[in-house]
Each structure stands twice: as structure tokens, then as C-alpha cells.
Amino acid sequence: MNRGLVIEFHLDPRTGVAPYLQLVQQVRQALLLGLLSEGDQLPTVKQVVTKIAINPNTVLKAYRDLEREGLVAPKPGVGTFVTKTLGQASLVEHEPLRRELAAWLGRARAAGLTEPGIEAMFQSTLRESGEEEK
Amino acid sequence: MTALLEAHALGMRYGRRRALTDCTLNIPPGHVVGLVGPNGAGKSTLLKLASGFLSPTSGTISVLGNTPGSGTGQLARVGFLAQDAPVYPSLSIADHLRLGARLNPRWDQGFAERRIAQLQLDPTQKAGKLSGGQRAQLALTVAAGKRPEVLLLDEPVASLDPLARRGFLNHLMESVVEDGTSVVLSSHLISDLERVCDYLIVLVSSRVRLAGEVDEITATHHRMVCTRRDPGALPAGLEVVSATHTDRQSTFVVRSDAPLPAGDWAAERLSMEDLVLTYMEAADSAAAEPATSATSTGSAAGAGSTEGAEVAR
């Protein structure tokens, strides 16, 4: 029944993460893991909603988000296709960013922040910068 | 575009009891609407008013632009599934489909037969011998087989086990995708509503406490935790939905259309479940203690608290 489908979605209601974001994250993760690569077709909206009982607009919203990120593109009447491969290469590309973060974490600890404190600061700053972008 | 459901100052009384009070709604078409609230809040009444089973005692309601139950054309456009998925126990599944075909001008026999086959049900079986999940699926098949533009479902999954519930919702969402059917469904299972709904209505003690698109609702509500203070000390423009205090700490749930300003508080988004519970509790405490409602709840939940109290007693 699942032949021809490249990936399958799931939803965890307990995470508190919006359902559309969970789908976005699962596609991104599949790209990072190499489960999806350029040219693959994502499940159609109908396939997703009949599989995991989810609002079709949620799936459309997730796919639009991925499209905005340049990861997928819709082919009208056919479906949504992966346009970019996110392999290990992308993590390597961002190594300088990772090193900056590690250095920042060192400074935060030196300033007396504990892990929960660091997490709280990171989460709230992430949210604020996300809201500013909108 | 014509609204899926429009209500203006809609009210319903059964004798002296108010089942629905001053209900004003304007739901755009193409939505899957979740209707949530405690037992006796007025959910079934609203669905019966929308299907034309009941006529309001005050105010107006229209579904897809017309008065509910006004003529066969309107009846064909609206499907209604009453609580506990009623079927005729002594009639077979095939009989139910035949009944559907005779009674509904837009009946789609091919769809109904496909659905029954998909469910692996024997058409000759009597409906009384079906399990709860199968009965609900048969009732949904008949309701969807008439090809309505909107399906009104009163707690359709309440009595189903988790697997049957998922199966039911899968089929419901399939109808939404394939035919663009709009849906209004009541349920106590917020995790289900969170999956399938993109519009939410919270009803408590006969009044609408919250109504809107899920995305907008979750984006505009925040939980703020800070040192103890009065709601009045919060920045202007925040509508306080609920406030609780300890000796040192205050926790507010606020609604703000603009992004929350930065300040000496921790802020986070609420899950749909927490949000719904907050509105239910706020309405509840407003009803129980009308004297303190002005300070502990904001204008949305606090409005009309005296009448809420009347109903609660």
C-alpha cells in the first residue's frame, strides 16, 4: 500500500509543536538523513491526510513553507518535488557557525549561566528573532 | 464568498433554560471547524440549529447563505450526523444505502459502495450487528454519500476506540480533500481537533468564548510568567484572558494581536489544549464569582458574566 511513497509522516500531539511545523521538520530531517533527494516526490496532500488524519490545509502550509525555503517546488497537477539535497555537506558548510555557537556557549558558562538558563535564553531569542522576521 | 455559517445574536431557550445566548459567528467557507466545550455548553444545540432540526428563539443563523432547513435544496447541501451515530438496527448496510439514494437528490451510490468495500463491510449485514466504529463509519458514509457541501457532526468519535477514531477521521479528511466539503465537528478530544481542524469555537455556559482560525488563535495567545503583579501593570494592548498568582509569581494568559513586547517576563505559546482549558476555566470562574471576574478575567471572557452565572446555577 505504501509502495511508491518515499517518506511517511507522523504527528506527535504532546510536543506542543504546531502540526505543520512537525511536517516541515520531518521533511528537513529526511533531507539531512539522505532519505530524500533532488527529484523525489513528496506524498500528495490526499495521501498524507488519509494516512494520518490531518487537516489538508496543514499539509499545504507545510509544503508552502518548504517551498519558501527553496527545498521543494510544486509541479501543478502532479505534486510537490524535492529541488535540493541537504546532505552532510550542508553541516560542513555551516561549521564556522557551529564553532561560533560553541564559543558563545563557553562564554555563557563562564558568565555563570547554567544549561537550563542557556536554553531559556536561546529559545526566547530564537522566538523573538523569528517574530521580527515576520 | 458566502459564509459557511453566519449567526447574529443567536439564542435558544428550552423553557427557562438558555441553551445558547447571544451567539455571533462568521465562519468563512472551506474550513474544518472544531466545536469544543463542557457538556451542556450548547454544542449540540448549535449544530441542530445549523442543520435546521431546531429553530432559534432569538437572533438569526444562516448556513451557506440560507436559513437552515428551508426547502429541499438547502437540506441536500447540509449533512448532519447526530450524537452516537444513529442507524436503523434492523436494516442492512445495503438498505441504508438504498434509503440514502431514495431520500437524497445528489446521492452518489458509487462513492457509498466504494467506501463500504474499503471498510471491508458486508453489505448484507444488519446495522444492529455492527461494532461502534463500524456503525459510525456507516453513518458517515450515508451522510457523505449525499454529497453535502457541509457536514455537521455531533461528537462523532466519542464512543470509538483509538483505532476506529483514526479510521473515521481519515475518511472524513478524505472527503474534505476530494470534494472540498466543509465540516463542523464537536468533540472533547482536543488532540483530535488539533489534527483536523483549522478553525476553533469554544462554547461555555451557552456562550461563545473564543472563535477564530487556529493559526491566528495560537499566534496571538501567550503565557507570561513574571514576578507578582497586577494585570494593570502589564503593557497596554494586552487582553488578559486569565491570571493566577502565588505569593511571588503571576501567570497570565494574554491575547495580543501585535508581537509581545520584550520585558521582565518569560513568554511562551500555549498548546491548543491549554488554550481551550484556559478559556473554559476563565468562563467557569467568571460564572462562579461574578464579583471578582472583573479583575481576574479579561473583557472577552468576562463579558456577560452575570448571565453566565445565571445559567450555571
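**Close-up views of a predicted model of chains A and B**

**View 1. Salt bridges between the two chains.** Between chain A and chain B there are 3 salt bridges, a salt bridge being a side-chain nitrogen of Lys or Arg within 4 Å of a carboxyl oxygen of Asp or Glu. One of the pairs in the model joins B:Asp215 to A:Lys61, with 2.9 Å between the closest N and O atoms. Side chains of opposite charge can pair when their charged atoms come close. The structure is a predicted model, in which local features need pLDDT of at least 70 and side-chain atom pairs count only at pLDDT 80 or more, whereas totals for chains, interfaces and linings use all residues. Residues are numbered from 1 along each chain as its sequence is written, chains are lettered from A and ligands numbered from 1 in the order in which they are written, and side-chain values use heavy atoms, with hydrogens and water left out.

**View 2. The interface of chain A and chain B.** Contact (heavy atoms within 4.5 Å) involves 17 residues of chain A and 22 residues of chain B. About 1,600 Å² is buried between the chains, 51% of it on carbon and sulfur atoms; buried area is the accessible area (1.4 Å probe) that two parts lose on being put together, summed over both.

**View 3. The side of chain A that touches chain B.** Across the interface, 10 residue pairs are in polar contact, both residues at pLDDT 80 or more. A polar contact is a pair of N or O atoms within 3.5 Å; within protein, one must be able to donate a hydrogen and the other to accept it, and residues adjacent in sequence count only if both atoms are side-chain atoms. On chain A, helix 2 (45-52), helix 3 and helix 6 (115-133) each supply at least two residues of the side touching chain B. Helix 2 of chain A gives the most, with 6 residues. Helices (H or I, at least four residues) and strands (E, at least two) are DSSP runs, numbered from the N terminus.

**View 4. A salt bridge within chain B.** B:Glu149 and B:Arg77 form a salt bridge through their side chains, at 2.9 Å from N to O. The pair links distant parts of the chain, 72 residues apart: B:Glu149 is in the loop between helix 5 (132-145) and strand 6 (150-154) of chain B, and B:Arg77 is in helix 2 (residues 71-77) of chain B.

**View 5. Confidence along chain B.** The mean pLDDT of chain B is 88, with 92% of residues at 70 or more; pLDDT is the predictor's confidence in each residue, from 0 to 100. Among the elements of chain B, strand 3 (residues 32-36) has the highest mean pLDDT (97) and helix 12 (residues 305-312) the lowest (35). Over residues 291-313 of chain B the pLDDT is below 50, and this stretch has 33 contacts in the model beyond near neighbours in sequence.
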